[in-house]
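Please find below my comments on the structure you sent. They are set out as numbered points, to be read with the model open.

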Amino acid sequence: MSVRRIRTLLQKFAALAALAVVLASSAGCGWTRLNYPQTSLTPTSDYARDIDTILNQQVFWVVVIFVLVQGMIIVTVLRFRARPGAPDPKPVHGNTALEIAWTIAPAIILALVAVPTVETIYRTQAPAAKGALQVNVIGHQWWWEFQYPELGITTASELHVPAGRTVNVAITTADVLHSFWFPAIGGKRDAIPTHTNYMWFKPDSLGVFMGQCAELCGTSHANMRMRLFVETPEQFEAWVAHQKQPATDPDSVTNAAAWQGRKVWGDQICFTCHTVNGVENAVGIVGPNLTHVGSRTAIAGSIYPNDAEHLAKWISNAPAAKPGSLMPNLGLNDEQVKALVAYLQSLK
Ligand code: CUA
């Protein structure tokens, strides 16, 4: 390889590294408010810590084996290398003690890896402990629905749970295969049509965690994100109490824009796809439940911040904002969009 070619390659590498830094810094700023990176290397639940322990054990054995094997190769190469004038080495084969040793040693190492792994699999796949918080997770193209059957709450894209209590999620899908995955919380679990998968975890660290669909599910698979809010029990109770409230219709005097938007909502039959608890006929289940959409931090499968600018962008042409979006372009004019944004923002 010529020096020139190496230099070109280095320049390309530097450009890519610079791009990565720019992307990372833009992802980390402002609206995301994430406390943890989307990685399984920062475990924050019992389940994730169990997996992490096994990973650490395996890395330990891999390092031991690597050092031993490489050490033996280096010693062999240095000590037994060909020297000028030295006779050919005597061929050796059929050393019984050696054969037994290198059969038993890997068997012991494999047992040291397999026993804790199998034990952890059985423990973490067992049914959740009694008293766990039940959450039904339903994958949709391309957003996540969360139902709390015992609390009568349905929400989307943002899962709230209290720290220190086991959460039992029952995972399924409304359409195609998806996979539920909060890397910091534990392993992936597939969402399979006509089948329910379970997973439980006890979160132990407060914060906001990023999750991602982990099964290719169509055009906007990469845009099927979600957030996990691990809160204190008091914060969680307050959230539950708030979510249980039906939506209040905006007042025509104090919030004329939202009141206007409420009319657009009716004219555009948004209610055929979306539920807003407390609003007549608004019982659609094709799209996310919008009862408290104004209190969420993000929209469109957690890919845009929930602010007026992005809501407007989304409502005016959803497929342009998110490829393949099942929410159609409704062909609204600017005035209608503005009014709808005000209405959605009023649904705190
Ligand atoms: Cu849902 Cu990928």
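1. Overall makeup. This is a predicted model. The protein chain has 348 residues, and 37% of them are buried. Its secondary structure consists of 8 helices and 12 strands. Among contacts in the chain with a separation of 6 or more, 64% are between residues 24 or more positions apart.

2. The largest nonpolar core. This core has 32 residues, and the members that touch the most others are Val-135, Phe-146, Tyr-148, Leu-159, Val-169 and Phe-180. Two or more residues come from each of the strands β1 (133-140), β2 (143-148), β4 (158-162), β5 (167-173), β8 (197-201) and β10 (225-231), and from the helix α4 (233-244). Another core, of 27 residues, lies apart from it; Tyr-304, Trp-314, Val-337 and Leu-340 are among its members.

3. Tyr-148. Which residues does Tyr-148 contact, leaving aside its neighbours within four places in sequence? They are Leu-133, Gln-134, Val-135, Ile-153, Thr-155, Leu-159, His-160, Phe-236 and Trp-239. Val-135 and Leu-159, like Tyr-148 itself, are listed among the core members that touch the most others.

4. The cavity. The structure holds 1 cavity of 30 Å³ or more, and the volume of the largest cavity is about 40 Å³. Its lining is made up of Gly-152, Ile-153, Thr-154, Gln-243, Lys-244, Asn-277, Thr-291 and His-292. By class, 1 of these is nonpolar, 6 are polar and 1 is charged. At least two lining residues come from β3 (153-156), and at least two from α4. Why is the cavity placed between domain 1 (31-78 + 97-244) and domain 2 (256-346)? Both domains give residues to the lining, so the cavity lies between them.

5. The largest pocket. This pocket has a volume of about 710 Å³. It is lined by 35 residues, of which His-274, Gly-287, Pro-288, Trp-314 and Met-327 are the closest to its centre. Trp-314 is also a member of the core of 27 residues. Elements that give two or more residues to the lining are β11 (298-299), α6 (308-316) and α8 (334-346), and the largest share, 3 residues, comes from α6. The lining divides into 23 nonpolar, 9 polar and 3 charged residues. Domain 1 and domain 2 each supply at least three residues of this lining.

6. The second largest pocket. Its volume is about 410 Å³. The lining residues are Trp-61, Val-64, Ile-65, Leu-68, Val-69, Met-72, Leu-98, Trp-102, Ala-105, Pro-106, Ile-109 and Leu-110. How many of them are nonpolar, polar and charged? There are 12 nonpolar residues, with no polar and no charged ones. The helices α2 (46-79) and α3 (96-125) each give at least two residues to this lining.

7. Thr-166. This residue sits in the loop between β4 and β5. Is Thr-166 buried or exposed? Its relative accessible area is 12%, under the 20% limit, so Thr-166 counts as buried. Not counting residues up to four places away in sequence, Thr-166 touches Ala-132, Leu-133, Trp-200, Phe-201 and Lys-202. Leu-133 is also one of the contacts of Tyr-148.

8. Backbone details. Most residues other than glycine have a negative phi, and most peptide bonds are trans. The peptide bond joining Gln-141 and Trp-142 is cis, with omega about 0 degrees; Trp-142 is in the loop between β1 and β2. Ser-157, which is not a glycine, has a positive phi of about 65 degrees and lies in the loop between β3 and β4. Ile-269 also has a positive phi, near 45 degrees, and its place is in the loop between α5 (256-267) and β11.

Conventions: Residues are numbered from 1 along each chain as its sequence is written. This is a predicted model: local features need pLDDT of at least 70, side-chain atom pairs count only at pLDDT 80 or more; totals for chains, interfaces and linings use all residues. Side-chain values use heavy atoms; hydrogens and water are left out. A nonpolar core is a set of buried Ala, Val, Leu, Ile, Met, Phe, Trp, Tyr and Cys residues joined through side-chain atoms within 4.5 Å. Buried means under 20% relative accessible area, exposed over 50%, partly exposed in between (1.4 Å probe, protein chains only). Helices (H or I, at least four residues) and strands (E, at least two) are DSSP runs, numbered from the N terminus. Contact means heavy atoms within 4.5 Å. On a 1 Å grid over the protein atoms alone, a cavity is a set of points where a 1.4 Å probe fits but cannot get out, and a pocket is an open set with protein on both sides within 12 Å along at least five of seven lines; lining residues have an atom within 4 Å of a point. Grid points are joined across faces, edges and corners, and a volume is the space filled by probe spheres set on the points. Ala, Val, Leu, Ile, Met, Phe, Trp, Tyr, Cys and Pro count as nonpolar, Asp, Glu, Lys and Arg as charged, and the others, Gly among them, as polar. Domain bounds come from an automatic or database domain assignment.
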